[in-house]
Amino acid sequence: MIYSSLHFFCLLAFGLVSCSDEGTADPIATSSEVPEIYLKIYGATSITSDGTYVTIKTTGVPDHKSIYYASNSPLYENFSGTTFGGNNFQKNPNMIQTFSYSFKIPLNPSKASSVSATPLGAIGVSLNGVPFYNQYA
C-alpha cells in the first residue's frame, strides 16, 4: 500500500522525539545534505542523502538489555519475575536478530493526493535504530 509521505515523516518525527539517546556511536553520515535532526539517530549504520531523500539504514537491534538476546550476548539479562496481575513471566520463542532495514524519507514531504492505511511492516525508525510498526503489527 502507498501511504502519504507526510504521514511517514510525522511518524519519523515522533520516533525522533520520543526516544532517549543511550550513547552508542554516531551514525555514518555520507553527505553534507543530511539535515542535522537525522544525525540524532545514533543506532543507524548509515545516513545518506541524494538531495531528494534521506536514506537511513539500520540493523534494528536495540541497545538495551533483554532476555531475548542470546545468553552469551553482553546485552543478555535474565528475567524470571511476574507480569501484569501477578502472572509468571513466560518467554516467547523469538530472539533478537539483526535485519537489514532501509528507510527512505523525502526531504520535502508533501500531502498525498489520497491517503491509505499504513502497511504491517516497519513504518518508522527510533533513535536507537529499532524500527517501529503500526498498531496492528
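Student: What does the accessible surface of the protein chain come to, and what share belongs to carbon and sulfur atoms?

Tutor: This is a predicted model, where local features need pLDDT of at least 70, side-chain atom pairs count only at pLDDT 80 or more, and totals for chains, interfaces and linings use all residues. Residues are numbered from 1 along each chain as its sequence is written, and side-chain values use heavy atoms, leaving out hydrogens and water. Areas come from the Shrake-Rupley method with a 1.4 Å probe, and for residues only the protein chains shown count as cover. The surface is about 8,800 Å², and the carbon and sulfur share is 54%.

Student: Is Thr58 buried or exposed?

Tutor: Buried means under 20% relative accessible area, exposed over 50%, partly exposed in between (1.4 Å probe, protein chains only). Thr58 has 3% relative accessibility, so Thr58 is buried.

Student: Which backbone oxygen does the side chain of Thr58 reach?

Tutor: Polar contacts pair N or O atoms within 3.5 Å; within protein, one must be able to donate a hydrogen and the other to accept it, and residues adjacent in sequence count only if both atoms are side-chain atoms. A polar side-chain atom of Thr58 also lies 3.2 Å from the backbone nitrogen of Gly60. The oxygen, at 3.4 Å, belongs to Gly43.

Student: Which residue in strand 5 stands opposite Val125?

Tutor: Strands are DSSP runs (E, at least two residues), numbered from the N terminus. Two strands pair if DSSP finds at least two bridges between them. Strand 4 (residues 122-125) and strand 5 (residues 131-133) are antiparallel, with 3 bridges. Opposite Val125 stands Pro131.

Terms used:
Helix = DSSP H or I, 4+ residues; strand = E, 2+ residues; numbered from the N terminus.
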